[in-house]
Amino acid sequence: MQIKAMRDTFLISLHSKMKDDKNIYFVTADFGAPILDKIREDYPTRFINVGIAEQNLINVSTGLALEGFKVYVYAIAPFITMRCYEQIRVNISVLSHVREMNINLIGVGAGVSYAMSGPTHHCLEDLTIMKTLPNMEVFSPSDYKLAEAYVERTLEVNKPKYIRFDAKPMHALRKEISSFNDGFTVLQEGKGLAIISTGYMTQKVMDFAKDFNLAVIDLYFLNRYDMSKLRETLNNITTIITIEEGFKNSGGLDAEINFNFKNKKIINLGFEKKYTFEIGSREFVHAENSLGKQHIIDEIEKVIKC
């Protein structure tokens, strides 16, 4: 089965768009990849590398967006969200109240996809802090198909967006994306129990979900989904398990579901409020935080037995 990286499919599609759309600018913070090299070589006047200076990255990108350009801003996920958070808040979130701008923040390395790099490169807070900003669409895809299809939306919607990409190649979980209107996809039907997950955790759940009679819902818009349709989808569901690769009970995915579905029994799975210094694989880091595959299966079996 073919696997691809979200970043690659997104940027390959964006590269093709740059040929005809002269208003696209790409701004990066000293971060390399073959497709970035291709964009720089083919469109050198619309590719800017500000160096390791994320605060200036936001300042330069905002200036371009205010001039009417479609701007794509690229860096490692924890650095593009946390190192320059005040610049994002003031220059983008606040200013977009009064000035329309198409600015797309691309963070690569969501969750612990850079597992071997330790807590400095783990990104467990971004769902919380980016979701809390007004005017910011938070996109957390679970596969490269979603990432590739999202390019069209970034060009058409003149609003700030945070795009949360995993660093590792993944399988496609869906064949095609006809619309982003719902903000979620039902990947498996079921009754009684539903798992709502986002990003890499949806990939993880789908590895074993077929062994259980449960629904799997991939929520890829954290703050722009169709609430009425999701309520309808959950009509026959009594228990929801939320799963996210971020700190639980901290304002991320679980807070969204807990607040809006108070009539359901909800179990929240995510990282405890601590950093992991032990080095190992992604699954090792998950297991150290009670988010390993067996931990999730145990929670599912508890619900089914009740």
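Where is the place of Thr 198? Thr 198 sits in the loop between strand 10 and helix 8, residues 200-206. Before going on, the conventions.

This is a predicted model: local features need pLDDT of at least 70, side-chain atom pairs count only at pLDDT 80 or more, and totals for chains, interfaces and linings use all residues. Residues are numbered from 1 along each chain as its sequence is written, and side-chain values use heavy atoms, with hydrogens and water left out. Helices (H or I, at least four residues) and strands (E, at least two) are DSSP runs, numbered from the N terminus.

Back to Thr 198. Its relative accessible area is 1%, so Thr 198 is buried. Buried means under 20% relative accessible area, exposed means over 50%, and partly exposed is in between, with a 1.4 Å probe and protein chains only. A polar atom of the Thr 198 side chain lies 2.7 Å from the backbone oxygen of Leu 219. That is a polar contact: a pair of N or O atoms within 3.5 Å, where within protein one must be able to donate a hydrogen and the other to accept it, and residues adjacent in sequence count only if both atoms are side-chain atoms. Not counting residues up to four places away in sequence, Thr 198 touches a set of residues including Leu 127, Ser 140, Ile 243 and Leu 253. Contact here means heavy atoms within 4.5 Å.

Five strands form an open sheet in the order 9-11-10-12-13, with mixed pairing. Two strands pair if DSSP finds at least two bridges between them. Why is one side of strand 9 and of strand 13 left without a neighbour in the sheet? Strand 9 (184-188) and strand 13 (265-271) stand at the edges, and each has a single partner strand, so one side of each has no neighbour there. On average, neighbouring strands of this sheet are turned by 20° against each other, direction ignored. Strand 9 pairs with strand 11, residues 215-219, in the antiparallel sense over four bridges. Leu 219 in strand 11 is the bridge partner of Phe 184.

Helix 10, residues 253-260, packs on this sheet and touches strand 10 (192-197), strand 11, strand 12 (237-247) and strand 13. The direction of helix 10 makes about 155° with that of strand 12. Axes are lines fitted to C-alpha atoms, for helices over the stretch in contact, and angles run from 0 to 180 degrees between N-to-C directions. Thr 242 is in strand 12 and is buried, at 0% relative accessible area. Among the residues that Thr 242 touches, leaving out those up to four places away in sequence, are Leu 253, Asp 254 and Ile 257, along with Ile 266 and Leu 269.

Next, strand 7, residues 161-165. Five of its five residues are buried, so strand 7 is largely enclosed by the rest of the structure. In a regular strand the side chains alternate between the two faces of the sheet. Both faces of strand 7 are covered, with Lys 161, Ile 163 and Phe 165 on one side and Tyr 162 and Arg 164 on the other. Strand 7 pairs in the parallel sense with strand 5 (residues 102-108) over five bridges, and Ile 163 is the bridge partner of Ile 106. Strand 7 also pairs in the parallel sense with strand 6 (residues 137-139), over three bridges. There, Lys 161 is the bridge partner of Glu 137.

Strand 6, helix 7 (residues 144-156) and strand 7 make a right-handed β-α-β unit. A crossover is right-handed if, with the strands pointing away from the viewer, the path from the first strand over the helix to the second runs clockwise. At the start of helix 7, a side-chain oxygen of Asp 143 comes within 3.3 Å of the backbone nitrogen of Lys 145. Helix 7 bends by about 30° at Tyr 150, the bend being the angle between axes fitted to the seven residues ending there and the seven starting there. Buried residues of helix 7 include Ala 147, Tyr 150, Val 151 and Thr 154.

Last, two backbone angles. Most residues other than glycine have a negative phi. Asn 135, in the loop between helix 6 (126-131) and strand 6, has a positive phi of about 70° and is partly exposed at 25% relative accessibility. Asn 249, in the loop between strand 12 and helix 10, has a positive phi near 55° and is exposed at 54%.
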